[in-house]
Amino acid sequence: MADRILLSAPHMSGNEQRYINEAFETNWIAPLGPNVNAFEEELASYVGMKGAAALSSGTAAIHLALELIGVGKDDRVFCSSLTFIASANPIVYLGAEPVFIDSEPDTWNMSPNALKRAFKDAEQEGRLPKAVIIVNLYGQSAKMDELLEICEQYDVTVVEDAAESLGSEYKGKKSGTFGKYGVYSFNGNKIITTSGGGMLVSDDLEALERARFLATQARDQAKHYQHSVTGYNYRLSNILAGVGRAQLEVLDDRVKEKREIFNRYVEGLGDIEGLEFMPELEGTFSNRWLSVITLDPEKNSVSPYELIDALEAENIEARPVWKPLHMQPVFEGNKFFVHSENDTVSERLFITGVCLPSGSAMKEDEQALVISVIRKKLMGAT
Ligand SMILES: *Cc1c(COP(=O)(O)O)cnc(C)c1O
């Protein structure tokens, strides 16, 4: 039986063990140590930000970013709707109210039109948001120029959720460096992984120092244990930071491999009626974390779920596109602003989208199998 082909399996470089051994030999088995410091410096320098704070997850990084901005009870935070729930959960942790913003078709990310409407509505109600969380989906940067201009106009701070877009670029600048805060994730399925982990980046070094303080139970400078505010246990382990350092060394290779995978899907599937690929906006460079397609129900009678089942039958993992957060039961009743009256883009992408296996360690013959199963399913049925 062939091995299961996964959506995006971890892909080690081979150097991880060296950094782990170093941590063991020096007995730095703790959520601090030389690997943590070095990983922060190396990542900040890779993306071109002044500093970085290594944390236990991307979710923790979003949580701390919002806390540093001062988001609190009954505040509002705007957030992309088409994303993983981790983008919005920290808003709820802080007792604030998420307001969801639709996607636009060119990048699948936050629609400037919808964002403008959300701001107008909030202005009328006299309740402007404290922050805007802009997500870069599947490696594709959002329309940062347009979105930042709107946020600046209202003087509202931006957090860039770049959990899926490490290594991507927007107009030659690394994804995750456009807001006051940028967030990366090193969860097991991300483009590089530490099994679990995250990073908060910023040019505000004082804010990052505060983030490290909050991430270590907010312990005051005193010999005894003293705490004046509530903190968290959110730092990254020195062992996992070692894994991260080795992974960061091969990030550019991973981006290249992911882009090659995407190109092979285009070659193998590009002629199928009604099948479209996730776009790459001009002036942006996507890490193609996942290769994503949409199936036009008017041109192809096979639904995304039928395609996912057909792949599953061959032991191949595929997934629907994220279910938009405004459609989630847990966010029932939260405000949502559409891209245009006759096109709710995030819902359309959810209904028509399929994420294909995109692991950088996937072999060419494995991908050829994926392509042939898709061709058989879609061409046999039209
Ligand atoms: C993975 C992910 C996160 C959360 O990262 P964790 O490290 O799993 O907490 C946040 N936002 C998006 C868009 C993600 O894909």
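The dialogue below takes up the annotated lysine, the ligand and two further residues.

Modeller: A word on sources comes before the features. This is a predicted model, in which local features need pLDDT of at least 70 and side-chain atom pairs count only at pLDDT 80 or more, while totals for chains, interfaces and linings use all residues. Residues are numbered from 1 along each chain as its sequence is written, and side-chain values use heavy atoms, with hydrogens and water left out.

Biologist: Where does UniProt place the feature "modified residue: N6-(pyridoxal phosphate)lysine"?

Modeller: UniProt positions are given in the numbering used here, feature names are shortened, and annotations may be inferred rather than shown by experiment. The unreviewed entry places this feature at K190.

Biologist: In which loop does K190 lie?

Modeller: Helices (H or I, at least four residues) and strands (E, at least two) are DSSP runs, numbered from the N terminus. K190 lies in the loop between β8 (181-185) and β9 (198-202).

Biologist: Is K190 buried or exposed?

Modeller: Buried means under 20% relative accessible area, exposed over 50%, and partly exposed in between, with a 1.4 Å probe and protein chains only. K190 has a relative accessible area of 11%, so it is buried.

Biologist: Which residue's side chain makes a polar contact with the side chain of K190?

Modeller: A polar contact is a pair of N or O atoms within 3.5 Å; within protein, one must be able to donate a hydrogen and the other to accept it, and residues adjacent in sequence count only if both atoms are side-chain atoms. For K190 the partner is the side chain of S185, at 3.5 Å.

Biologist: How many residues surround the ligand?

Modeller: A residue is near a molecule if one of its heavy atoms lies within 4 Å of it. Here 15 residues surround the ligand, the closest being T59, D161, E164, S185 and K190. A polar side-chain atom of D161 is 2.8 Å from a ligand nitrogen atom. For S185, a polar side-chain atom lies 2.7 Å from a ligand oxygen atom, and an N or O atom in the side chain of K190 is 3.2 Å from an oxygen atom of the ligand.

Biologist: Are A114 and D253 buried or partly exposed?

Modeller: A114, in helix α5 (residues 112-124), is buried because its relative accessibility is 0%. D253, in helix α9 (residues 251-269), has 42% relative accessibility and therefore counts as partly exposed.
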